[in-house]
Amino acid sequence: MTELFETGAYNFAYLDEQTKRMIRRAILKGVAVPGYQVPFASREMPMPYGWGTGGVQVTAACLVPEDRLKVIDQGADDTTNAVSIRKFFQRTAGVAVTEATIEATVIQTRHRIPETPLREGQIVVYQVPIPEPLRFLEPRETETRKMHELEEYGLMHVKLYEDIARHGEIATSYAYPVKVEGRYVMDPSPIPKFDNPKLGDNAAIQLFGAGREQRIYAVPPYTRVVSLDFDDHPFTASKAPHDCDLCGAKGSYLDEVITDDAGSRMYVCSDTDFCAGRRAAGHVGRLGVAMADGSA
Amino acid sequence: MGSVDMGIWTKRNEQPLFQVEGLTKYYGNRIGCVDVSFDLFPGEVLGIVGESGSGKSTLLSCLAGHLRPDLGSVIYDGRDVLAMAETERRKLSRTEWAYVHQNPRDGLRMGVSAGGNVGERLMAIGARHYGTIRDTATDWLGRVEIAADRIDDRPSAFSGGMQQRLQIARNLVTGPRLVFMDEPTGGLDVSVQARLLDLLRGLVRDLGLSVIIVTHDLAVVRLLADRLMVMKDGRVVEQGLTDQVLDDPQHAYSQLLVSSVLQV
């Protein structure tokens, strides 16, 4: 099949050059002011809101023909959202794709940060549904902007207070608010709080795109990112208390999979590339089968 | 004008906490309030009365920094409030100042538990210890006569009187020095009003608060206010000691106001 970018029907990476410039300017401002939400003129993309329209626009603005793109959805490379976005850029940009975190130069992600440590030169693009961390407590945009401007972040702790009052602990388990470089409070997108410690001091550039809400923000490499908490209820990066049943990994974030009607379940790494890599290296979990014998 | 020599209230060796001079606010060509001046001393309660549209709410909004006056000056504790940076003013309004709204829904977060509502101001000024915040909130709920086991209930599950008491606790928790109240008893039935007034009077005396209270209810100022300002058409027509103004009103409008109160 002749790919779309070759026929001239579409510009490289779908968006026209002026739009990409506009988005790049927003990205540069975001990188310059870590955690600050930069408004941008989000375009109508050929996918519904909530499927990653913001992330796709940021990725499109970052891609160059030499890039190698990885797209993950909840850690997996083979789910609908990941497959369709990956295919979209194969057709509109003709870039190489990969499932290996280590090989990728641009990684678009929904709800996870890869287990494999990221390196300098890599760009991670997060899909963000609601960029405003204060939104559910303060519905007025004028007021939340003012609160960011004046660093009035007491309200964020009210949310955590409510968690403890109701559940006995901070029950927020994803989209856990963070403070970036001692200044802006930021929504890290709906990643599990298990991934929060990876946001800080990361070698890669982390970009966040919210298409419907028309905001871009960024965490540049090696930035200080602190998860908010109380002195007597400190932040903990929680995960299911199990090992991966396929590869035996102890420290990776797990998905719980129901395997029959009797309620049997297995826990598997949500990062499929990480899990496959471990199994290829010979690790076998409780229910796993050695890679050479076939599939698990 | 029934302007009284204010010298007798100027306690010696004491600086006013809040000084207002020539405060004027226009809405286009219409008058909001004109040329209002007064001094408020620490621990003093000033009542502002007048009919609807007399400019008393406009005045309170200007004083609390919600509206910007066109003319005049507002000095708090030696600092010019109008010249202050917004950061500083907002900081003031969540530490040393408090504002009790007529409708508790305007002053409370209805989606947040009572404890969270009281704790918000503490967290806004940097409290980061959950246990301490919760203990303080429990203590304050007790002071405004809300049972400790209601601490995790949302204000929407409270009666009107309880909501108003919760709003007061939420405002006083950071130990403010100056409290603005806009019709704090409005919309409450008389027995609830009486208890609320009793509570307010106790808190004001115990904490030594300076209060500016706007109301159309003369009974409220009779009970709470040391000093009274009567407003009509945006102007102060009479001011003086509360009992003096209510028992011996000089200005025609004050006389009308006092004589309009229903006797039961």
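## Helix across a sheet

Contact here means heavy atoms within 4.5 Å, and axes are lines fitted to C-alpha atoms, for helices over the stretch in contact, with angles from 0 to 180 degrees between N-to-C directions. Helices (H or I, at least four residues) and strands (E, at least two) are DSSP runs numbered from the N terminus. With that in hand, look at helix H1 (residues 56-64) of chain B: it lies across E1 and E2 of chain B, at about 120° to E1(B).

This is a predicted model, so local features need pLDDT of at least 70 and side-chain atom pairs count only at pLDDT 80 or more, while totals for chains, interfaces and linings use all residues. Residues are numbered from 1 along each chain as its sequence is written, chains are lettered from A and ligands numbered from 1 in the order in which they are written, and side-chain values use heavy atoms, leaving out hydrogens and water.

## The sheet in chain B

Four strands of chain B make an open, antiparallel sheet, in the order E2-E1-E4-E5; two strands pair if DSSP finds at least two bridges between them. Strands E2 (30-40) and E5 (79-80) of chain B sit at the edges with a single partner strand each, so one side of each has no neighbour in the sheet.

Seven bridges join E1 (residues 18-27) of chain B to E2(B). Lys25(B), for instance, has Cys33(B) in E2(B) as its bridge partner.

## The nonpolar core

A nonpolar core is a set of buried Ala, Val, Leu, Ile, Met, Phe, Trp, Tyr and Cys residues joined through side-chain atoms within 4.5 Å. Buried means under 20% relative accessible area, exposed over 50%, and partly exposed in between (1.4 Å probe, protein chains only).

The largest core has 66 residues, and Tyr161(A) and Val118(B) are among those with the most contacts inside it. Helix H6 (residues 154-167) of chain A gives the most to this core, seven residues.

## Salt bridges

A salt bridge is a side-chain nitrogen of Lys or Arg within 4 Å of a carboxyl oxygen of Asp or Glu. Five of them are counted between chain A and chain B, including Glu152(A) with Arg90(B), whose closest N and O atoms are 2.8 Å apart.

Inside chain A, Glu141(A) bridges to Arg215(A) at 3.2 Å between the closest N and O atoms. Glu141(A) lies in helix H5 (residues 141-149) and Arg215(A) in strand E9 (residues 215-219) of chain A, so the pair ties together parts 74 residues apart in sequence. Glu141(A) is partly exposed at 27%, whereas Arg215(A) is buried at 12%.
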